[in-house]
Amino acid sequence: MTIKDICDILKAELYNNGFEYGFIVNDQKYKPNRDNGFDNEYYHLAKTIYIVQDPSVTLKEKIGTCVDIVLVMKSILDNLNIPSKIWLLYNKSKNKVHTILTFEAESKIIYLELTPQSSKSWYGQEIVYSNEQELLQEYENNGYDITDVTSLITVGERPYFLLTKLN
């Protein structure tokens, strides 16, 4: 499959399909209220009660965090036998974390941001790297620690790989 084919499949499932940023716990949806800027209450709940959602829940309920969305992407790619990895980006100076997914196609590494309601200028656009080292170097040069957390994410558990980074 080509890079475009793969991105089209992922976008068909996740891009502009009414997904909201947030999470669901015990049938209760939690979404940040961004009307007044940063939502401290949501942030607190995300750090204390959020558990990683099963991709089927994310798809059915159309709500998820960056962790949940990359798990949906990974499950789609796994079904297509396309190698992928999930990375934790950590910006210590801003105390911010984000998870992204990369996949291999056409001897390249591709990052496609599909986190709901992302304000990133590259939302829905694939970024192509020559190799994994190029990806790692770019983020390190921009002040991020970047770690492969693919094996550390467990559905139904708290995202400790991420929480241990936050102050």
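The model is predicted, so a local feature needs a pLDDT of at least 70 and side-chain atom pairs count only at pLDDT 80 or more, while totals for chains, interfaces and linings use all residues. Residues are numbered from 1 along each chain as its sequence is written, and side-chain values use heavy atoms, with hydrogens and water left out.

Let's begin with the spaces. On a 1 Å grid over the protein atoms alone, a pocket is an open set of points with protein on both sides within 12 Å along at least five of seven lines, whereas a cavity is a set where a 1.4 Å probe fits but cannot get out; lining residues have an atom within 4 Å of a point. Grid points are joined across faces, edges and corners, and the volume is the space filled by probe spheres set on the points. Lining residues are also sorted by class: Ala, Val, Leu, Ile, Met, Phe, Trp, Tyr, Cys and Pro are nonpolar, Asp, Glu, Lys and Arg are charged, and the others, Gly among them, are polar.

| Space | Volume | Lining by class |
|---|---|---|
| Largest pocket | about 1,100 Å³ | 20 nonpolar, nine polar, seven charged |
| Second largest pocket | about 150 Å³ | six nonpolar, three polar, four charged |
| Largest cavity | about 40 Å³ | eight nonpolar, two polar, one charged |

Which residues lie nearest the centre of the largest pocket? They are Tyr21, Arg34, Lys96, Val97 and His98, out of a lining of 36 residues. Helices and strands are named here from DSSP runs (H or I, at least four residues, for a helix; E, at least two, for a strand), numbered from the N terminus. Helix 2 (40-48), helix 4 (66-79), strand 5 (84-91), strand 6 (96-105) and helix 6 (160-163) each bring at least two residues to the lining of the largest pocket. Helix 2 has the largest share of that lining, with four residues.

The second largest pocket has a volume of about 150 Å³. It is lined by 13 residues, and Ile24, Val25, Gln53, Asp54 and Val57 are the closest to its centre. Two or more lining residues come from strand 2 (23-25) and from helix 3 (55-61). Helix 3 gives the most to this lining, with three residues.

Helix 4, strand 6 and strand 7 each give two or more residues to it.

## A closer look at Thr99

Thr99 sits in strand 6. Is Thr99 buried or exposed? It has 1% relative accessibility and counts as buried (buried is under 20% relative accessible area, exposed over 50%, partly exposed in between, with a 1.4 Å probe and protein chains only). Leaving out residues up to four places away in sequence, Thr99 touches Cys66, Val67, Val70, Ile86, Trp87, Leu88, Phe161 and Leu162; a contact here means heavy atoms within 4.5 Å. Val149 is 50 residues from Thr99 in sequence, and their C-alpha atoms are 8.7 Å apart.

## Two helices with a buried side

In helix 2, the buried residues are Tyr42, Leu45 and Ala46. Looking down the axis, they fall within an arc of 100 degrees, so they line one face of helix 2. The arc is that of the directions from the helix axis to the C-beta atoms. There's a handy rule behind this: an α-helix has 3.6 residues a turn, so residues three or four places apart point the same way. The buried residues of helix 2 pack against strand 1 (20-21), strand 2, strand 3 (28-30) and helix 6.

Helix 5 (residues 132-141) has Leu135, Leu136 and Tyr139 buried. Their arc is only 95 degrees around the axis, which puts them on the same side of helix 5. Strand 5, strand 6, strand 7, strand 8 and strand 9 (145-148) are among what covers them.

## Rings that pair up

Rings of Phe, Tyr and Trp (its six-membered ring) pair if their centres lie within 6.5 Å, and planes under 30 degrees apart count as stacked, over 60 as edge-to-face and the rest as tilted. The count by this rule is six aromatic pairs. One of them, Tyr15 with Tyr123, is tilted, at 5.1 Å centre to centre and 35 degrees between the planes. These two residues are 108 residues apart and link distant parts of the chain. Tyr15 is partly exposed at 29%, whereas Tyr123 is buried at 16%.

Phe23 and Tyr30 have ring centres 5.1 Å apart and planes at 25 degrees, so this pair is stacked. Phe23 is buried, with a relative accessible area of 0%, while Tyr30 is partly exposed at 22%. Ring pairs also join Tyr21, Phe23, Tyr30, Tyr42 and Tyr50 into a cluster.
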